Amino acid sequence: MIEISRINPIMKWPIVASLALLLVGQVSAQEMPYEDLLAQLQACPKECRCSPNVPNAVYCDNKSLKYIPIIPPYTWYLYLQNNLIEGLSSEALSNATQLRWINLSRNKITTVEPDALKNLPNLVHLYMEDNLLSTIPSPLPGSLEQLRLSRNKISKIPPGVFSGMDHLTLLDLQSNKLQDDTVTEVNLKGLSNLIQINLAKNQLNSMPLGLPPTTSQIFLDSNNIEKIPAEYFKGLPKVSSLRLNRNKLANVGIPKNVFNLSSILDLQLSYNQLTEMPVISPGLEHLHLDHNRIKSVNGSDVCPPGALEDYYNDNAPRLRYLRLDGNEIKPPIPRDLMMCFRLLRAVVI
(Lines give C-alpha, C1' and ligand atoms only; values in the text may rest on other atoms or scores of the structure.)
Protein backbone atom coordinates (compact mmCIF):
# COMPACT_ATOMS: atom_id res chain seq x y z
CA MET A 1 0.00 0.00 0.00
CA ILE A 2 1.27 3.50 -0.87
CA GLU A 3 1.04 5.93 2.02
CA ILE A 4 0.65 9.27 0.23
CA SER A 5 1.48 11.34 3.30
CA ARG A 6 5.02 9.87 3.38
CA ILE A 7 5.83 10.70 -0.25
CA ASN A 8 8.05 13.64 -1.20
CA PRO A 9 5.59 16.44 -2.12
CA ILE A 10 7.57 17.10 -5.32
CA MET A 11 6.74 13.60 -6.61
CA LYS A 12 3.30 13.22 -5.06
CA TRP A 13 1.13 14.64 -7.85
CA PRO A 14 1.75 11.89 -10.51
CA ILE A 15 0.96 9.14 -7.96
CA VAL A 16 -2.21 10.85 -6.77
CA ALA A 17 -3.33 11.35 -10.36
CA SER A 18 -2.71 7.70 -11.23
CA LEU A 19 -4.56 6.42 -8.16
CA ALA A 20 -7.47 8.74 -8.84
CA LEU A 21 -7.74 7.46 -12.39
CA LEU A 22 -7.81 3.85 -11.22
CA LEU A 23 -10.47 4.58 -8.63
CA VAL A 24 -12.65 6.33 -11.19
CA GLY A 25 -12.30 3.28 -13.45
CA GLN A 26 -13.44 0.90 -10.72
CA VAL A 27 -16.46 2.99 -9.82
CA SER A 28 -17.51 3.22 -13.46
CA ALA A 29 -17.13 -0.54 -13.86
CA GLN A 30 -19.60 -1.11 -11.04
CA GLU A 31 -22.09 1.16 -12.80
CA MET A 32 -21.67 -0.50 -16.22
CA PRO A 33 -25.04 -1.69 -17.63
CA TYR A 34 -25.46 -5.43 -17.48
CA GLU A 35 -25.71 -5.78 -21.26
CA ASP A 36 -22.45 -3.90 -21.75
CA LEU A 37 -20.77 -5.87 -18.98
CA LEU A 38 -21.77 -9.17 -20.57
CA ALA A 39 -20.70 -8.05 -24.03
CA GLN A 40 -17.35 -6.85 -22.70
CA LEU A 41 -16.55 -10.14 -20.95
CA GLN A 42 -17.71 -12.26 -23.89
CA ALA A 43 -15.47 -10.29 -26.24
CA CYS A 44 -12.37 -10.77 -24.08
CA PRO A 45 -9.59 -12.03 -26.41
CA LYS A 46 -8.59 -15.64 -25.84
CA GLU A 47 -4.98 -14.48 -25.48
CA CYS A 48 -5.85 -12.16 -22.59
CA ARG A 49 -7.41 -12.12 -19.14
CA CYS A 50 -10.52 -10.17 -18.12
CA SER A 51 -12.01 -9.93 -14.64
CA PRO A 52 -15.73 -9.43 -13.82
CA ASN A 53 -14.58 -7.26 -10.92
CA VAL A 54 -12.84 -4.79 -13.26
CA PRO A 55 -14.44 -5.52 -16.64
CA ASN A 56 -13.06 -2.41 -18.32
CA ALA A 57 -9.48 -3.70 -17.90
CA VAL A 58 -7.94 -6.20 -20.34
CA TYR A 59 -4.70 -7.96 -19.38
CA CYS A 60 -2.64 -9.19 -22.33
CA ASP A 61 0.79 -8.83 -20.72
CA ASN A 62 3.53 -11.48 -20.67
CA LYS A 63 1.95 -13.56 -23.44
CA SER A 64 4.72 -13.42 -26.10
CA LEU A 65 2.21 -11.74 -28.43
CA LYS A 66 3.44 -10.49 -31.81
CA TYR A 67 0.22 -8.64 -32.56
CA ILE A 68 -2.55 -6.81 -30.73
CA PRO A 69 -5.74 -8.89 -30.54
CA ILE A 70 -9.17 -7.33 -31.10
CA ILE A 71 -9.86 -5.34 -27.95
CA PRO A 72 -13.45 -5.18 -26.54
CA PRO A 73 -15.19 -1.81 -27.07
CA TYR A 74 -15.72 -0.93 -23.39
CA THR A 75 -12.03 -1.30 -22.45
CA TRP A 76 -10.51 1.54 -20.45
CA TYR A 77 -7.24 -0.06 -19.31
CA LEU A 78 -5.17 -2.17 -21.69
CA TYR A 79 -2.03 -3.99 -20.54
CA LEU A 80 0.22 -5.25 -23.35
CA GLN A 81 3.64 -4.95 -21.72
CA ASN A 82 6.31 -7.66 -21.99
CA ASN A 83 5.38 -9.01 -25.40
CA LEU A 84 6.99 -9.20 -28.85
CA ILE A 85 4.86 -6.62 -30.68
CA GLU A 86 6.84 -4.90 -33.45
CA GLY A 87 4.40 -2.29 -34.70
CA LEU A 88 1.15 -0.49 -34.04
CA SER A 89 -1.14 -0.48 -37.06
CA SER A 90 -3.94 2.00 -37.69
CA GLU A 91 -6.52 -0.79 -37.13
CA ALA A 92 -4.96 -2.24 -33.97
CA LEU A 93 -7.05 -0.22 -31.50
CA SER A 94 -9.88 0.92 -33.77
CA ASN A 95 -12.43 -1.10 -31.80
CA ALA A 96 -11.44 0.36 -28.42
CA THR A 97 -12.11 4.08 -28.67
CA GLN A 98 -12.87 4.40 -24.93
CA LEU A 99 -9.29 3.59 -23.90
CA ARG A 100 -7.88 5.73 -21.07
CA TRP A 101 -4.68 3.84 -20.29
CA ILE A 102 -2.39 1.78 -22.55
CA ASN A 103 0.78 0.00 -21.45
CA LEU A 104 2.92 -1.14 -24.40
CA SER A 105 6.24 -1.10 -22.55
CA ARG A 106 8.92 -3.71 -23.10
CA ASN A 107 7.96 -4.78 -26.61
CA LYS A 108 9.88 -4.46 -29.89
CA ILE A 109 7.89 -1.62 -31.43
CA THR A 110 9.69 0.28 -34.19
CA THR A 111 6.74 1.88 -36.00
CA VAL A 112 3.42 3.47 -35.09
CA GLU A 113 1.15 4.15 -38.07
CA PRO A 114 -0.25 7.72 -38.26
CA ASP A 115 -3.84 6.81 -37.33
CA ALA A 116 -3.01 4.24 -34.64
CA LEU A 117 -3.56 6.61 -31.69
CA LYS A 118 -5.31 9.61 -33.20
CA ASN A 119 -8.84 8.25 -32.73
CA LEU A 120 -8.58 7.61 -28.99
CA PRO A 121 -10.21 10.79 -27.62
CA ASN A 122 -10.18 9.62 -23.98
CA LEU A 123 -6.58 8.37 -23.74
CA VAL A 124 -4.85 9.83 -20.68
CA HIS A 125 -1.79 7.63 -20.07
CA LEU A 126 0.43 6.08 -22.76
CA TYR A 127 3.35 3.86 -21.75
CA MET A 128 5.75 2.84 -24.54
CA GLU A 129 8.97 2.48 -22.57
CA ASP A 130 11.68 -0.02 -23.54
CA ASN A 131 10.86 -0.27 -27.23
CA LEU A 132 12.76 0.55 -30.44
CA LEU A 133 11.13 3.81 -31.49
CA SER A 134 13.32 6.32 -33.33
CA THR A 135 10.83 9.19 -33.22
CA ILE A 136 7.84 10.30 -31.15
CA PRO A 137 4.59 8.78 -32.49
CA SER A 138 2.40 11.26 -34.33
CA PRO A 139 -0.33 12.37 -34.22
CA LEU A 140 -1.13 11.91 -30.54
CA PRO A 141 -4.56 12.39 -28.96
CA GLY A 142 -5.00 15.79 -27.34
CA SER A 143 -6.40 14.16 -24.20
CA LEU A 144 -3.02 12.71 -23.14
CA GLU A 145 -1.77 13.71 -19.69
CA GLN A 146 1.25 11.42 -19.37
CA LEU A 147 3.51 10.20 -22.19
CA ARG A 148 6.27 7.80 -21.20
CA LEU A 149 8.82 6.94 -23.90
CA SER A 150 11.98 6.24 -21.92
CA ARG A 151 14.60 3.74 -23.09
CA ASN A 152 13.87 3.85 -26.81
CA LYS A 153 16.11 5.06 -29.63
CA ILE A 154 14.39 8.39 -30.17
CA SER A 155 16.59 10.96 -31.92
CA LYS A 156 13.85 13.14 -33.41
CA ILE A 157 10.99 15.22 -32.07
CA PRO A 158 8.96 16.17 -35.16
CA PRO A 159 7.93 19.87 -35.20
CA GLY A 160 4.25 20.13 -34.34
CA VAL A 161 4.05 16.70 -32.70
CA PHE A 162 2.81 18.35 -29.48
CA SER A 163 0.39 20.74 -31.17
CA GLY A 164 -2.89 20.77 -29.24
CA MET A 165 -1.42 18.77 -26.33
CA ASP A 166 -2.82 21.17 -23.73
CA HIS A 167 -3.43 18.40 -21.19
CA LEU A 168 0.03 16.82 -21.21
CA THR A 169 1.67 17.31 -17.81
CA LEU A 170 4.38 14.61 -17.86
CA LEU A 171 6.80 13.85 -20.69
CA ASP A 172 9.37 11.11 -20.07
CA LEU A 173 12.10 10.85 -22.73
CA GLN A 174 14.83 9.43 -20.51
CA SER A 175 17.52 7.21 -22.08
CA ASN A 176 17.11 8.10 -25.73
CA LYS A 177 19.39 9.73 -28.33
CA LEU A 178 18.20 13.32 -28.27
CA GLN A 179 20.67 16.11 -29.08
CA ASP A 180 20.56 19.87 -28.60
CA ASP A 181 19.14 20.66 -32.03
CA THR A 182 16.16 18.39 -31.36
CA VAL A 183 15.02 19.83 -28.03
CA THR A 184 14.01 23.35 -29.04
CA GLU A 185 11.13 25.75 -28.66
CA VAL A 186 9.84 24.71 -32.10
CA ASN A 187 9.87 21.01 -31.26
CA LEU A 188 8.22 21.47 -27.85
CA LYS A 189 5.58 23.96 -28.98
CA GLY A 190 2.12 23.05 -27.71
CA LEU A 191 3.05 21.83 -24.23
CA SER A 192 1.28 24.69 -22.50
CA ASN A 193 0.63 22.84 -19.22
CA LEU A 194 3.71 20.64 -18.87
CA ILE A 195 4.84 20.04 -15.28
CA GLN A 196 7.52 17.35 -15.49
CA ILE A 197 10.03 16.64 -18.28
CA ASN A 198 12.65 13.90 -18.05
CA LEU A 199 15.55 14.23 -20.50
CA ALA A 200 18.10 12.28 -18.46
CA LYS A 201 20.56 9.99 -20.24
CA ASN A 202 20.42 11.62 -23.65
CA GLN A 203 23.16 13.39 -25.64
CA LEU A 204 22.59 17.00 -24.57
CA ASN A 205 25.56 19.36 -24.37
CA SER A 206 23.56 22.38 -23.21
CA MET A 207 20.44 23.20 -21.25
CA PRO A 208 17.31 22.46 -23.34
CA LEU A 209 15.60 25.45 -24.89
CA GLY A 210 11.90 26.10 -25.20
CA LEU A 211 10.63 24.51 -21.99
CA PRO A 212 7.18 25.93 -21.20
CA PRO A 213 6.89 28.31 -18.22
CA THR A 214 4.64 25.82 -16.39
CA THR A 215 7.49 23.31 -16.03
CA SER A 216 8.33 22.63 -12.37
CA GLN A 217 10.34 19.39 -12.53
CA ILE A 218 13.34 19.17 -14.88
CA PHE A 219 15.47 16.01 -14.95
CA LEU A 220 18.70 16.27 -16.96
CA ASP A 221 20.94 13.70 -15.29
CA SER A 222 23.69 11.90 -17.23
CA ASN A 223 24.13 14.29 -20.15
CA ASN A 224 27.19 16.35 -21.14
CA ILE A 225 26.08 19.77 -19.93
CA GLU A 226 28.97 22.09 -19.02
CA LYS A 227 27.30 25.44 -18.36
CA ILE A 228 24.00 27.14 -17.56
CA PRO A 229 23.11 30.49 -19.17
CA ALA A 230 22.70 33.28 -16.60
CA GLU A 231 19.11 34.02 -17.66
CA TYR A 232 18.09 30.42 -18.27
CA PHE A 233 15.44 30.23 -15.53
CA LYS A 234 13.98 33.66 -16.20
CA GLY A 235 11.20 32.09 -18.26
CA LEU A 236 10.71 29.17 -15.85
CA PRO A 237 9.19 30.72 -12.71
CA LYS A 238 7.78 27.48 -11.32
CA VAL A 239 10.86 25.24 -11.21
CA SER A 240 10.78 23.31 -7.94
CA SER A 241 12.99 20.32 -8.73
CA LEU A 242 16.14 20.41 -10.87
CA ARG A 243 18.34 17.37 -11.38
CA LEU A 244 21.69 17.77 -13.11
CA ASN A 245 23.56 14.82 -11.63
CA ARG A 246 26.36 13.25 -13.68
CA ASN A 247 27.06 16.09 -16.09
CA LYS A 248 30.23 18.14 -16.64
CA LEU A 249 29.39 21.20 -14.61
CA ALA A 250 32.20 23.22 -13.05
CA ASN A 251 31.87 26.45 -11.10
CA VAL A 252 33.01 28.46 -14.11
CA GLY A 253 29.91 27.28 -15.96
CA ILE A 254 27.49 28.27 -13.19
CA PRO A 255 26.66 31.99 -12.90
CA LYS A 256 26.66 33.16 -9.29
CA ASN A 257 22.91 33.48 -8.71
CA VAL A 258 21.56 31.11 -11.34
CA PHE A 259 20.16 28.76 -8.66
CA ASN A 260 18.92 31.55 -6.39
CA LEU A 261 15.30 30.88 -7.36
CA SER A 262 12.43 31.45 -4.97
CA SER A 263 10.52 28.46 -6.38
CA ILE A 264 13.19 25.76 -6.12
CA LEU A 265 12.95 23.12 -3.40
CA ASP A 266 15.19 20.31 -4.65
CA LEU A 267 18.57 20.84 -6.38
CA GLN A 268 20.75 17.88 -7.36
CA LEU A 269 24.28 18.42 -8.70
CA SER A 270 25.95 15.15 -7.73
CA TYR A 271 28.85 13.71 -9.75
CA ASN A 272 29.98 16.93 -11.43
CA GLN A 273 33.21 18.95 -11.23
CA LEU A 274 32.28 21.61 -8.67
CA THR A 275 34.98 22.93 -6.35
CA GLU A 276 32.70 25.26 -4.36
CA MET A 277 29.14 25.23 -3.12
CA PRO A 278 26.87 27.32 -5.39
CA VAL A 279 24.76 30.18 -4.10
CA ILE A 280 21.32 28.87 -3.19
CA SER A 281 17.97 30.40 -2.35
CA PRO A 282 16.62 30.56 1.23
CA GLY A 283 13.68 28.34 0.21
CA LEU A 284 15.76 25.37 -0.99
CA GLU A 285 15.07 22.23 1.08
CA HIS A 286 17.20 19.47 -0.49
CA LEU A 287 20.72 19.96 -1.89
CA HIS A 288 22.83 17.16 -3.38
CA LEU A 289 26.48 18.05 -3.97
CA ASP A 290 28.07 14.67 -3.36
CA HIS A 291 30.92 13.35 -5.51
CA ASN A 292 32.29 16.65 -6.73
CA ARG A 293 35.68 18.27 -5.99
CA ILE A 294 34.69 20.53 -3.10
CA LYS A 295 37.50 20.90 -0.56
CA SER A 296 35.87 23.12 2.05
CA VAL A 297 32.57 24.69 2.98
CA ASN A 298 32.47 28.24 4.26
CA GLY A 299 29.12 29.10 5.84
CA SER A 300 29.56 32.82 5.27
CA ASP A 301 29.94 32.23 1.52
CA VAL A 302 26.91 29.99 1.00
CA CYS A 303 24.53 31.40 3.59
CA PRO A 304 21.77 33.46 1.91
CA PRO A 305 22.01 37.19 2.65
CA GLY A 306 20.39 38.15 5.94
CA ALA A 307 19.95 34.53 7.07
CA LEU A 308 21.85 34.89 10.32
CA GLU A 309 19.83 37.98 11.23
CA ASP A 310 16.61 35.98 10.65
CA TYR A 311 17.76 33.10 12.83
CA TYR A 312 14.65 33.12 14.98
CA ASN A 313 12.23 34.18 12.24
CA ASP A 314 10.24 32.27 9.66
CA ASN A 315 12.46 33.71 6.93
CA ALA A 316 15.40 31.54 7.93
CA PRO A 317 16.81 29.21 5.22
CA ARG A 318 14.68 26.08 4.73
CA LEU A 319 17.49 23.65 3.87
CA ARG A 320 16.77 20.29 5.53
CA TYR A 321 18.97 17.79 3.69
CA LEU A 322 22.53 18.29 2.46
CA ARG A 323 24.83 15.74 0.79
CA LEU A 324 28.53 16.51 0.62
CA ASP A 325 30.02 13.01 0.66
CA GLY A 326 32.47 12.00 -2.05
CA ASN A 327 34.22 15.37 -1.95
CA GLU A 328 37.47 16.37 -0.26
CA ILE A 329 35.77 17.80 2.81
CA LYS A 330 36.81 16.52 6.22
CA PRO A 331 34.70 16.64 9.41
CA PRO A 332 33.69 18.45 11.50
CA ILE A 333 30.93 20.40 9.82
CA PRO A 334 31.66 24.13 10.12
CA ARG A 335 29.70 25.77 12.94
CA ASP A 336 28.70 28.75 10.79
CA LEU A 337 27.10 26.37 8.29
CA MET A 338 24.92 24.87 11.01
CA MET A 339 24.12 28.32 12.39
CA CYS A 340 22.90 29.42 8.98
CA PHE A 341 20.89 26.32 8.08
CA ARG A 342 19.27 25.72 11.45
CA LEU A 343 16.55 23.46 9.99
CA LEU A 344 19.04 20.90 8.71
CA ARG A 345 17.97 17.38 9.69
CA ALA A 346 20.63 15.41 7.82
CA VAL A 347 24.11 16.22 6.56
CA VAL A 348 26.05 13.50 4.74
CA ILE A 349 29.75 14.30 4.66
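Mentor: What follows goes from the overall fold to salt bridges, a pocket and some local backbone features.

Mentor: This is a predicted model, in which local features need pLDDT of at least 70 and side-chain atom pairs count only at pLDDT 80 or more, while totals for chains, interfaces and linings use all residues. Residues are numbered from 1 along each chain as its sequence is written, and side-chain values use heavy atoms, with hydrogens and water left out.

Trainee: How many helices and strands does the protein chain have?

Mentor: The protein chain has four helices and 16 strands. Helices (H or I, at least four residues) and strands (E, at least two) are DSSP runs, numbered from the N terminus.

Trainee: What share of the residues is buried?

Mentor: Of the 349 residues in the protein chain, 49% are buried. Buried means under 20% relative accessible area, exposed over 50%, and partly exposed in between, with a 1.4 Å probe and protein chains only.

Trainee: And what part of the contacts comes from residues 24 or more positions apart?

Mentor: Such pairs account for 48% of the contacts with a separation of 6 or more. A contact means heavy atoms within 4.5 Å.

Trainee: Salt bridges next. How many are there?

Mentor: The count comes to seven salt bridges, each being a side-chain nitrogen of Lys or Arg within 4 Å of a carboxyl oxygen of Asp or Glu. One of them pairs K46 with E47, at 3.4 Å from N to O.

Trainee: Are those two buried or exposed?

Mentor: K46 counts as exposed because its relative accessibility is 77%. E47 counts as buried, at 17%.

Trainee: Which residue does R49 pair with?

Mentor: R49 forms a salt bridge with D61, at 3.3 Å from N to O. R49 lies in strand 1 (residues 49-51) and D61 in the loop between strand 2 (54-59) and strand 3 (77-79), so the pair ties together parts that are twelve residues apart in sequence. R49 is partly exposed at 42% relative accessibility, whereas D61 is buried at 12%.

Trainee: What about R323?

Mentor: R323 forms a salt bridge with D325, and their closest N and O atoms are 2.6 Å apart. Salt bridges that share partners join D290, R323 and D325 into one network. R323 is partly exposed at 23% relative accessibility, and D325 is buried at 15%.

Trainee: Where is G326, and what does it touch?

Mentor: G326 is in the loop between strand 15 (321-323) and helix 4 (335-340). Leaving out residues up to four places away in sequence, G326 touches H291 and N292. G326 and N292 are 34 residues apart in sequence, yet their C-alpha atoms are 6.6 Å apart in space. G326 is partly exposed, with a relative accessible area of 43%.

Trainee: Changing topic, what is the volume of the largest pocket?

Mentor: Its volume is about 280 Å³. On a 1 Å grid over the protein atoms alone, a pocket is an open set of points where a 1.4 Å probe fits, with protein on both sides within 12 Å along at least five of seven lines. The volume is the space filled by probe spheres set on the points, which are joined across faces, edges and corners.

Trainee: Which residues line the largest pocket?

Mentor: The lining has 14 residues, and N251, E276, M277, P278 and D301 lie nearest the centre of the pocket; a lining residue has an atom within 4 Å of a point. The lining divides into seven nonpolar, four polar and three charged residues.

Trainee: Which peptide bonds are cis?

Mentor: A cis peptide bond joins S138 and P139, with omega about 0 degrees. The bond from P331 to P332 is also cis, with omega near 5 degrees. P139 lies in the loop between strand 7 (125-127) and strand 8 (146-148), and P332 in the loop between strand 15 and helix 4.

Terms used. Nonpolar A, V, L, I, M, F, W, Y, C, P; charged D, E, K, R; others polar.
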